[in-house]
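User: I would like to learn how to read a two-chain model, starting from the folds and ending at the contact. Please go through it one feature at a time.

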Amino acid sequence: MDTEATRSLLPLLAFLLPMAGAVIAVPLQRASDQVRNLVLAAIAATVAVIAIVLGAGVASGSVYELFILQLTPQIWMYLRVDAMGALFGMTAAVLWTLALVYSWGYMHGEHRLGRYYSFFILCLAWTMGVAYAGNLLTFLIFYELFSILTYPLVVHEETPEAMAAGTKYIIYILVGGTLVLLAIVLTFFAAGDQTLTAGGILSAEIGSGRLLAIFWCFLIGFGVKAALVPLHGWVPDAHPAAPAPFSAVLSGVMVAAGSFGIMRVMFYVFGADLLGYLGVMRYLTWIAGFTVLFAAVLAVNQDNLKRRLAYSTISQMAYVVLGVSLLGTEATIGALVHITNHAFMKGALFLCAGLFIRRLGAARVSQLDGAAKRMPVTAAGFAIASLAMIGTPPLSGFVSKWYLGIGMLETGNPWLLAVLLGGALMAAVYLLPIVYRMYFREPVLTPEDKATAEGREAPGAMLAPLVVATILTFVLGLGASLPGMPVALARMAAESFFH
Amino acid sequence: MSDWSPLLAVFLVLPLTAAVLTPAVCRSSSTRGWAWTLVTMLVTSVIGGVLIARVATRGPFSYVVGGWTAPYGIELRFDEFSAVVAIICLLGVLAIVFSRRYAERALQAERIPYYYALLLLNLTGMLGFTVTGDLFNLFVFLEILSLSGYALVAISGEKIAEMAAFKYLVMGAISSLMVLFGTGMLYALTGSLNMADITSRLAGATQTPLIVALGAMTLGFMVKAALFPLHVWLPDAHAIAPSPVSAILSGLVVKVGIIGMLRLYQIAYGSGAVDLAGLNLVLTWLGALAIVMGAFFAVFQDDIKMMLAYSTISNIGYIVMGLGLASTYSVIGASVHVFNHALIKATLFLGAGALIHQTGKRTLTDLAGIGKAMPFTVAAISIGAISIVGIPPTAGFLCKWYIALGAMQAGHPFFGFALVFGALLIFIYYIRMVNAFYFREPRDRAAVDVQEAPATMLIPVLVLAILCLVMGVLGRLPLTFIEPAVERLLMPVGGG
């Protein structure tokens, strides 16, 4: 990429602001809930605005960069906002803001709120850093911080299940992070500290043995985060254990960060040509294809709603890896857009799941009979997000699957359509029965429930983020082809990968 | 100012004199002893700062004691590796500040003056050890710091402390003898005790006695550094000593072995008289083993200070592995970790000391849930924990990064692999610790219902925790300093 980069402080601000928020969250907690809520929401919203401004700038052809400081004589901490990072940053910041606002209601009266909010906003800082990192070491710093400092959120409930899930989470993530570190050390040794560049920084002269070692270290390392089967073990445990707003960002952004990492490695460290030469992509296609179907099948049997959604995340995020593994422009666009679309669909579903837990005490699918009567708005949101997840036009899920499908045909892999449609079909099998239960079954009510059978709908402050996420699934679907929408940014990015 | 080098002598004579005078000065009041040692150490630190500034701008320099020029007189030499005095002074000051309240409770009143005197003597020994250019002088300072170290471990006067100190003494005495033995042989071979002089005269020396001499000194220094399997004295001594002393012992005193090793390398590499490949291979393997074994033992500890002591063994493993790999990056990593590990381990030991001081408990089981009562101390410990496992961008990361790179550079990627996965193992017991402090239900609520530590304890801990973060982000500072020194060290063997 030869684009002149503009120096800008905005990417720095995007992670300094939430860091400051994390520092003041605890004292604010002591002051008053209202003040804390407003200040933190203002910070998250500002970050979202910054991300959107940067995204708009990138869409109009600019690239932003900033050298922050020199870590060692060889290495700078360096931020660079390109199309792919801008898209991920926007997605993360907007979803985070929604989840934060939702937390006001959801977390009300919970213990250790200072800690919760502090780490919640802190993780936004690291995520923005991951999105805007301009070289591998900067990426690693933010990636590790955000992997490890989410631990207090995973174990927030401090129940034995949460602690067990947390232990599982941290061990998976640390092993993954260690492999990523190893891969980055190998890359640094082979190529030095280089700005991530579309087209890759490694060359075939390094020798295919070493290149393969680097590739698989990266892939397994990020694959843990991206929840590729068989590295997905932490996902189904961590999601039900964590508070619902955190589950939403965990599924929508954190898992996606693994896929984002894989993409960075594929297109900015190796480059499409070198990957083609190494011939490793077909293995990735198989792994991802298997993950899509396998996780979807497992999802069907889960009675715990958040667990079912977690398996759905594994399945859906594998679409992303499947798309990029084809090394075609359209499929890559589909994959990039799917990260964004999935974030809001899955975010909406988790927000619903949280509302069901809080308002109905229903954590299991079998407890949701007739929920639509008691919580009409939530149930509607759930139904819409489910349809989007399945890929019903004109919702957002359809757009990404359309591009993925086109990409499969374009790269000459029509048989993969079976995986694509099979995954969508399975999504229908694991999501629609829930919708059916909510709308067409009579609620089973205990006598004391009967008195309050109606009017269990959540307060407006909790519904608002859900409504916004649902509207976004419409907007991202109906307006997909408008300029400045994710598809446009994704196309910019994808076209720079395959000149 | 034309000649600043006499300052180098003042740098040692001042704290040495003050240490000897301490019991007399503070006969009646422990506060006076505290203030006396603190002021001494602060003045010494200022001098240290001046010396470092000088070496940074004008390169290494010497002071000739009593006007007897080298190789006959004693030479004090301040080079880039001597810049480690910065951390000795810093930790010295903070440990003394921390001691004020800690010593009052942990020690009998009549022992407190001796405690401060010994602490100052110990620090002086280390300062002298790092700036001397003379091998016998090196041995003298080694003995000063070792003897004061044994006494400091035993100072609480409990039976168990005496046992630990005795174990430390036996191992330490043997290792000092080895160093003396090696020094004697080098003297016999070259007729000199001055390090620079030995280096120039060593070329063409008979191989067998030279190898025995270097081997004996390496062995001696590695006992001091507690390299696995020579570590057996360390866990008890470091866990049982008063916490400020543990911080000094674990953060600094074990590093004396490493600095000694670096001096030895300066002689051996510089003279080119002997091929150290075999020794380096052994050190690399033992380093890798130490990382794993230290982590392995630590996992089973319930006593927090015991855990930290075993963690030191792992970290010494990193450093020795870095030295053994003998590539530019790995030696840089090892040298930087001498500095950074001192910061991190002092954070952890002083933090643990504050917990023990406030609660009177020292096991993870008893300290469960302490995070709520002492948020600042536990936050500092958590930063230390994240730092010591090398999560970027904390201070511990630099060592991991450089030594892993160095392993590639040396053509032994396996050791890079061992290093990063060893760090993973280490993380396991630090997770246990953080889990216990923050997320577990207290076993006995009354036990953890305490106040946050007093300011004289909290401030040193917080300063250190902040430095753990800052030194990671500003890793460039020590590196720009150490890189040229390491390149110069390895130049004769074509490292790089």
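The dialogue below takes up confidence, fold, one residue and the contact in turn.

User: What kind of model is this, and how is it numbered?

Analyst: This is a predicted model, in which local features need pLDDT of at least 70, side-chain atom pairs count only at pLDDT 80 or more, and totals for chains, interfaces and linings use all residues. Residues are numbered from 1 along each chain as its sequence is written, and chains are lettered from A and ligands numbered from 1 in the order in which they are written.

User: How is confidence read, and what is the mean pLDDT of chain B?

Analyst: pLDDT is the predictor's confidence in each residue, from 0 to 100. Where pLDDT is low, the predicted coordinates should not be read in detail. In chain B the mean is 88, and 98% of the residues reach 70 or more. The model has ipTM 0.86 and pTM 0.90.

User: How many helices and strands are there in chain A?

Analyst: Helices (H or I, at least four residues) and strands (E, at least two) are DSSP runs, numbered from the N terminus. Chain A has 21 helices and 3 strands. Its radius of gyration, taken over C-alpha atoms, is 21 Å, close to the 23 Å from the globule rule (2.2 Å times the number of residues to the power 0.38) for 499 residues, so chain A is as compact as a globular protein of that length. Chain B has 18 helices and 2 strands.

User: Is A:Cys352 buried or exposed?

Analyst: A residue is buried if 20 or more other C-beta atoms, placed from the backbone, lie within 10 Å of its own, exposed if 12 or fewer, and partly exposed in between. A:Cys352 has 32 such neighbours inside 10 Å, so it counts as buried. The residue sits in helix H14 (residues 329–360) of chain A. Of the 499 residues of chain A, 62% are buried.

User: Which residues does A:Cys352 touch, leaving out those up to four places away in sequence?

Analyst: Two residues are in contact if their C-beta atoms, placed from the backbone, lie within 7 Å. With that exclusion, A:Cys352 touches A:Thr378, A:Gly381, A:Phe382 and A:Leu466.

User: How many residues does the contact between the chains take from each?

Analyst: Chain A and chain B each give 22 residues. On the chain A side, the elements giving two or more residues are strand E2 (63–72), helix H5 (136–148) and helix H7 (160–191). H7(A) gives the most, with 11 residues.
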